[in-house]
Amino acid sequence: MTELTQQKTTALAAIAASTSLDALEEQRVAALGKKGWVSLALKTLGQMSPEERKDAAPAIQAVRAEVAEAIDARKTALEAEALEAQLASETIDLTLPAPDRHKGSIHPVSQVMDELAEIFADLGFQVATGPEIEDDWHNFTALNMDESHPARAMHDTFYFPDKSADGGQMLLRTHTSPVQIRSMKKQGAPIRIIAPGRVYRSDSDATHTPMFHQVEGLVVDKGIHLGHLKWTLETFFKAFFEREDITLRLRPSYFPFTEPSVEVDVGYSNEGNRRVVGGHGDDEGHDWMELGGSGMVNRRVLEMAGVDPDEYQGFAFGLGIDRIAMLKYGMNDLRAFFDGDPRWLQHYGFSPYDQPTLSAGVGARP
């Protein structure tokens, strides 16, 4: 045991004199490693008689504990010294800008909805909403669509097996027109609303998705005519695309819920691989592009919504929000709107602090 005591004294002195963690690790291995002198002393216990082991084991274990405690204490001291040296040598330059943090962004569809609301609010419109799960009366019948209308077909409409309280078929709305019916039934006329929201149709390609966004407008009052419709749409497009050279062409068409009905075409030109709205469609280098449908509200629709068609008349229009967003901000594939790719949002997204206003520009980018 005298030799063990001498080894302990030498080891404790070496541990206390260690000036680095590497040097301390060497002392730990020399004492407590598999071939260390403490480990070897413990192995000799197996060669002793029970009486000898009873006296020697506590002494060896005490040496082992004392050496291990000394190593831990010295390690703590060396780590503290290293931290103090690091703090003394390193400084923080408070004049440097803070590191960039990940910023959330507003989806272009949400941004365009805000832009729509801002522009139409200035024109005296209110924003109206309604359920996305509709019954076929509000979605079709009240809009003058008979039982044989193609829009009712399974390949266009997502139906539910459930029935409404009066036994009608339930479905995902195919347009936001039911909001017009509900709004007229609730508040009557005069009325001036826009109805933005999600709609659903069984269609999918580069310019169509099963779910997309639509805004419809409705004005019902006394003395309303197509001139009011054209002026409203021209005023909106000029504010939305932030151009004064917007030219519209109203082309005769057919919709069951309007009579007369017109398609709304706008002049545009091609710049590179992008369509740029503006100019007259008949000018050189320009053409016409259809942006939506519109017309004077059909008498039968007014009647079913509880409005007297002999006293009031009005106009309605519908536009694809995703499509006008693509035109304004240079996007070329509708499907990317719904992929959820953060890289796409970083490129096209909007700052949540940069709200659209008519004074600052509804399309102001961050």
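I call a residue buried under 20% relative accessible area, exposed over 50%, and partly exposed in between, with a 1.4 Å probe and protein chains only. I am looking at a predicted model, where local features need pLDDT of at least 70, side-chain atom pairs count only at pLDDT 80 or more, and totals for chains, interfaces and linings use all residues. Residues are numbered from 1 along each chain as its sequence is written, and side-chain values use heavy atoms, with hydrogens and water left out.

**Entry 1: Ser39**

I began with Ser39. Is Ser39 buried or exposed? Its relative accessible area is 16%, so Ser39 is buried. I found Ser39 in helix H3, residues 37-43. Helices (H or I, at least four residues) and strands (E, at least two) are DSSP runs, numbered from the N terminus.

Next I looked up the contacts of Ser39, taking contact as heavy atoms within 4.5 Å. I left aside neighbours within four places in sequence, and Ser39 then touches Ala31, Leu32, Gly33 and Lys34. The side chain of Ser39 also reaches the backbone oxygen of Leu32 at 3.3 Å.

I turned to helix packing. Axes are lines fitted to C-alpha atoms, for helices over the stretch in contact, and angles run from 0 to 180 degrees between N-to-C directions. Angles under 35 degrees count as roughly parallel, over 145 as roughly antiparallel, 65 to 115 as roughly perpendicular and the rest as oblique.

At what angle do helix H1 and helix H4 pack? I read about 5° for H1 (residues 2-17) and H4 (residues 50-89), with the axes 10 Å apart. That makes H1 roughly parallel to H4. On the H1 side I listed Leu4, Lys8, Leu12, Ile15 and Ala16. On the H4 side I listed Ile60, Val63, Glu66, Val67, Ala70, Ile71 and Arg74. For classes, Ala, Val, Leu, Ile, Met, Phe, Trp, Tyr, Cys and Pro count as nonpolar, Asp, Glu, Lys and Arg as charged, and the others, Gly among them, as polar. The H1 contact with H4 has 9 nonpolar, no polar and 3 charged residues.

From H2, I noted Leu21, Leu24, Arg28, Ala31 and Leu32. They meet Arg64, Val67, Ala68, Ile71, Arg74, Lys75, Leu78 and Glu79 in H4. This contact of H2 with H4 has 8 nonpolar, no polar and 5 charged residues.

I also checked Ala59, which is in helix H4. Ala59 is partly exposed at 30% relative accessibility. I looked up its C-alpha separation from Ile181, which is 122 residues away along the chain. The value is 95 Å.

**Entry 2: Helix H7**

Which residues of helix H7 (residues 177-187) are buried? I listed Ser177, Pro178, Val179, Gln180, Ile181, Ser183 and Met184. The buried residues of H7 pack against strand E2 (133-135), helix H6 (136-139), strand E5 (191-200), strand E6 (211-221), helix H9 (299-304) and strand E11 (313-320). Gly188 follows H7, with a positive phi near 70°.

**Entry 3: Aromatic rings**

I paired rings of Phe, Tyr and Trp (its six-membered ring) if their centres lie within 6.5 Å; planes under 30 degrees apart count as stacked, over 60 as edge-to-face and the rest as tilted. The count comes to 13 aromatic pairs. I opened the pair of Phe120 and Phe236. Their ring centres are 4.9 Å apart and their planes are at 15°, so the pair is stacked. Phe120 lies in helix H5 (residues 108-122) and Phe236 in helix H8 (residues 226-241), so the pair ties together parts 116 residues apart in sequence. Phe120 is buried at 1% relative accessibility. Phe236 is buried at 0%. One aromatic cluster is formed by Phe120, Phe125, Phe236, Phe237, Phe240, Phe241, Phe315 and Phe317.

**Entry 4: Backbone notes**

I looked for cis peptide bonds. The bond from Ala189 to Pro190 is cis, with omega near 5°. Pro190 sits in the loop between H7 and E5. The bond from Glu259 to Pro260 is also cis, with omega near 0°. Pro260 lies in strand E8, residues 258-271.

Then I checked positive phi in residues other than glycine. Asn144 has phi near 65°. Asn144 is in the loop between H6 and strand E3 (159-163), and is buried at 19%. Glu242 has phi near 55°. Glu242 is in the loop between H8 and strand E7 (248-255), and is partly exposed at 44%.

Key. A polar contact is a pair of N or O atoms within 3.5 Å; within protein, one must be able to donate a hydrogen and the other to accept it, and residues adjacent in sequence count only if both atoms are side-chain atoms.
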